Amino acid sequence: MISKWKILIVDDEEVVHRSLKYTLRDMSHSGGDCVLFHAYSAFEARKIISADPEIALVILDVMMEKDDAGLSFVEFLRGGLNNNITRVLLYTGQPGIAPKREVSEKYIIDGYLDKNSSDNDDCYAAVRLALKSYEQILELNKLSKKDDVTLLSEIAETYA
């Protein structure tokens with residue numbers, strides 16, 4: 001069981017960090033508290049996620065130091081770090097820059113929230129679902145490793 005669910009908020013606007021901190025202030029999941037980490041650029045987020053691969057969820061703005069900084073971060077996370085476990089919620093105020101259909105087909109993301117129309121409840125629900133997804137992926141990985149060990153043991157016994 002995880003005692004701390006790590007959530008990384010990546011946005012260049014302080015007001016977004018404060019708002020999400022308020023929205024998620026009492027959130028816990030499966031008996032563990034949620035801990036928020038903050039990055040104000042994709043560059044800073046790369047350093048944090050590289051140092052801590054146990055981050056369960058990234059809430060990510062698309063436009064920061066560049067128009068596609070957030071999407072470049074997702075490419076780095078999925079391709080550069082080969083991390084398909086950490087869940088990603090796009091949280092953007094410029095939905096035209098990253099159209100939902102295109103982004104959901106090209107990138108592995110768990111949700112897409114529009115800063116202009118999403119409220120605190122939308123965000124809370126999306127975070128809850130993303131954490132559940134992360135938890136289920138960890139459970140599946142654990143079971144598959146256990147099955148691999150069982151299978152190898154059976155093969156070894158057969159050859160012995």
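Leu 129 has its place in helix α5. With a relative accessibility of 61%, Leu 129 counts as exposed. Here buried means under 20% relative accessible area, exposed means over 50%, and partly exposed lies in between (1.4 Å probe, protein chains only). Leu 129 and Arg 87 are 42 residues apart in sequence, and their C-alpha atoms are 9.9 Å apart in space.

The model is predicted: local features need pLDDT of at least 70, side-chain atom pairs count only at pLDDT 80 or more, and totals for chains, interfaces and linings use all residues. Residues are numbered from 1 along each chain as its sequence is written, and side-chain values use heavy atoms, with hydrogens and water left out.

**Helix α5 and Arg 128**

Arg 128 lies in helix α5, which covers residues 120-159. At 27% relative accessibility, Arg 128 counts as partly exposed. Leaving aside neighbours within four places in sequence, Arg 128 is in contact with Met 27, Ser 28 and His 29. Contact means heavy atoms within 4.5 Å. Arg 128 and Ser 28 are 100 residues apart along the chain, yet their C-alpha atoms are separated by 8.8 Å.

**Overall layout**

The protein chain has 5 helices and 6 strands. Helices (H or I, at least four residues) and strands (E, at least two) are DSSP runs, numbered from the N terminus. From the N terminus on, the elements run β-α-β-β-α-β-α-β-α-β-α. Along its principal axes, the C-alpha trace spans about 65 × 30 × 30 Å. Of the 160 residues in the protein chain, 41% are buried. Among contacts with a separation of 6 or more, 69% come from residues 24 or more positions apart.

**The sheet**

The 6 strands form an open sheet with mixed pairing, in the order β2-β3-β1-β4-β5-β6. Strands β2 and β6 (111-114) stand at the edges, each with a single partner strand, so one side of each is left without a neighbour in the sheet. Two strands pair if DSSP finds at least two bridges between them.

| Strand | Partner | Sense | Bridges |
|---|---|---|---|
| β1 (residues 4-10) | β3 (residues 32-39) | parallel | 7 bridges |
| β2 (residues 28-29) | β3 | antiparallel | 2 bridges |

Ile 9 has His 38 in β3 as its bridge partner. Lys 6 stands opposite Val 35 in β3. His 29 has Gly 32 in β3 as its bridge partner. Strands β2 and β3 form a hairpin with 2 residues between them. In that turn, Ser 30 has a positive phi of about 50°.

Axes are lines fitted to C-alpha atoms, for helices over the stretch in contact, and angles run from 0 to 180 degrees between N-to-C directions.

**Helices α2 and α3**

Two packed helices are described by the angle between their axes and the distance between the axes. Helix α2 (residues 42-51) and helix α3 (residues 69-80) pack at an angle of about 20°, with axes 10 Å apart. The two are therefore roughly parallel to each other. Angles under 35 degrees count as roughly parallel, over 145 as roughly antiparallel, 65 to 115 as roughly perpendicular and the rest as oblique. The crossing of α2 and α3 is right-handed, meaning that the near helix is turned clockwise from the far one by less than a right angle.

From α2, Ala 42, Ala 45, Arg 46, Ile 49 and Ser 50 take part in the contact. They meet Ala 69, Ser 72, Phe 73, Phe 76 and Leu 77 in α3. By class, this contact has 7 nonpolar, 2 polar and 1 charged residues. Ala, Val, Leu, Ile, Met, Phe, Trp, Tyr, Cys and Pro count as nonpolar, Asp, Glu, Lys and Arg as charged, and the others, Gly among them, as polar.

Buried residues of α3 include Leu 71, Val 74 and Arg 78. Their cover includes α2, β4, β5 and α4 (100-106). Just after α3, Asn 82 takes a positive phi of about 55°.

Ser 41 lies in the loop between β3 and α2. Ser 41 is buried, with a relative accessible area of 17%. Not counting residues up to four places away in sequence, Ser 41 touches Val 10, Met 64 and Glu 65.
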